[in-house]
Amino acid sequence: MKICAIICEYNPFHYGHAYQFEKIKEKYDHIICIMSGNFTQRAEPAIVNKYVRAQQAILNGADMVLQLPTPYACSSAQFFAKGAINILRNFPIDAISFGMEEDNIDLLFKISECEKSENFKKTLKTYLDKGNSYISSSVKAITKCLSFDENNIIDFLSKPNNMLAVEYLKAMNGHSLKWEIFPVKRESDYNSNSLDGKFVSASAIRSALENKLSIDRFIPNSELIFSSNKADKNIFEALTLSALRLGDTETAAALLNAGEGLERKLLKNALICNSLSDVFDKTKTKRYSYARIKRLALDNLLGIKKEDIIFPDNATAILLAVKQDFVQHLKLFSPYLISENSMLNNFVPQNFVSIEERAEKTYSTICSTSYNGIIKKLVKA
């Protein structure tokens with residue numbers, strides 16, 4: 001039995017993801033997904049809840065879907081990847097698959113090796129001290145260490161799936177994991193809003209949903225999306241802005257993405273701006289990207305602090321969905337699976353439980369639904 005793992009968001013699940021499943025099933029027997037919960041790496045609520053998205057994955061070829069804990073799922077590429085790999089390393093995994101915007105595997109490995117070097121770390125610090133953002137500093141440091149053309153590195157790392165792929169390899173190296181690597185080239189532009197062709201981006205589908213356009217031809221089992229309560233962007237932004245206005249600098253300084261006065265600037269701008277987007281625009285600087293500012297605002301809403309981000313050896317994950325004929329194999333994973341609210345006392349790390357509770361209560365408000373606990377009924381298909 002050969003198992004391939006995928007670290008994912010499925011916001012929403014679409015035919016591009018189904019294509020990846022097809023390619024994986026040509027070589028591996030089973031697919032295990034570890035998927036973001038109700039909030040994503042963009043620091044936004046998922047369009048529909050995690051159980052609906054997990055059900056879509058199961059119906060289209062996944063054998064088991066776990067939840068990537070919220071503190072990792074809403075974090076930088078580094079913590080997103082490190083958190084997922086730290087959980088998966090306790091399972092009998094043979095391979096990991098991920099989408100990439102291009103299939104330059106050689107460059108992928110060179111960059112991941114480069115970022116382990118002391119030369120890279122020293123050069124990175126030099127550029128950060130000059131006021132550059134972390135991403136910009138990383139690109140410049142990699143370019144210098146590898147003696148590559150900077151434009152080539154910028155082009156490669158500006159694509160989010162390529163960046164995540166680098167972080168997956170770094171996290172694997174950190175645990176000396178020898179999994180097979182099974183990249184699948186994306187058939188659509190991650191950020192494109194084009195609805196042309198069979199494979200379109202999740203961004204395009206989300207945009208189409210907001211504009212009440214038909215998405216049936218892009219999403220398998222689209223009825224699951226239409227029959228579910230969807231996240232209301234306006235409610236989310238109102239809650240986030242309100243939380244910023246009610247925040248205090250001492251508490252905010254402990255948040256995961258806080259530092260060097262960014263939290264003070266964000267809280268101050270929340271009081272004088274009329275909308276959340278205006279707050280982000282006014283807070284943006286050369287050093288701090290929109291992504292980091294948005295994550296800091298979500299940290300504030302959900303209470304995610306620097307001290308929360310730990311990677312214990314015996315990390316657990318919430319089981320969202322399983323294929324009926326895979327239930328017999330759950331004993332291979334059971335020490336690290338949490339499937340009922342009564343089991344949350346065994347969740348590792350335990351400090352994540354209060355964050356998950358806050359995330360679920362917030363998300364239920366955003367979707368105008370009742371709150372029924374962190375864990376719902378396990379999806380079986």
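**A strand, a loop residue and a helix pair**

Modeller: Strand β3, residues 64–68, is mostly covered, since 5 of its 5 residues are buried. This model is predicted. Strand β2, which spans residues 30–36, runs parallel to β3, and 5 bridges join the two. Within this pairing, Ser36 stands opposite Leu68 in β3.

Next comes a loop residue. Glu115 is found in the loop between α5 (105–114) and α6 (118–129). The relative accessibility of Glu115 is 9%, and because buried means under 20%, Glu115 counts as buried. Its side chain is joined to that of Lys170 by a polar contact of 2.6 Å. Neighbours within four places in sequence left aside, the residues in contact with Glu115 are Phe120, Lys121, Ile142, Val166, Glu167 and Lys170.

The last part is a pair of helices. Two packed helices are described by the angle between their axes and the distance between the axes. The axes of α12 (residues 233–246) and α17 (residues 352–366) come within 8 Å and cross at roughly 130°. The angle therefore makes α12 oblique to α17. On the α12 side, Ile235, Phe236 and Leu239 meet Thr362, Thr365 and Ile366 of α17. The residues of this contact divide into 4 nonpolar and 2 polar, with no charged residue.

Key:
Residues numbered from 1 in each chain as written. Predicted model: local features only at pLDDT ≥ 70, side-chain atom pairs only at ≥ 80, totals over all residues. Heavy atoms only, no water. Helix = DSSP H or I, 4+ residues; strand = E, 2+ residues; numbered from the N terminus. Buried < 20%, exposed > 50% of the residue type's maximum accessible area, 1.4 Å probe, protein only. Polar contact = N/O pair within 3.5 Å; in protein donor to acceptor, adjacent residues only side chain to side chain. Contact = heavy atoms within 4.5 Å. Axes fitted to C-alpha atoms, helices over the stretch in contact; angles between N-to-C directions. Parallel < 35°, antiparallel > 145°, perpendicular 65-115°, else oblique. Nonpolar A, V, L, I, M, F, W, Y, C, P; charged D, E, K, R; others polar. Pairing = 2+ DSSP bridges.
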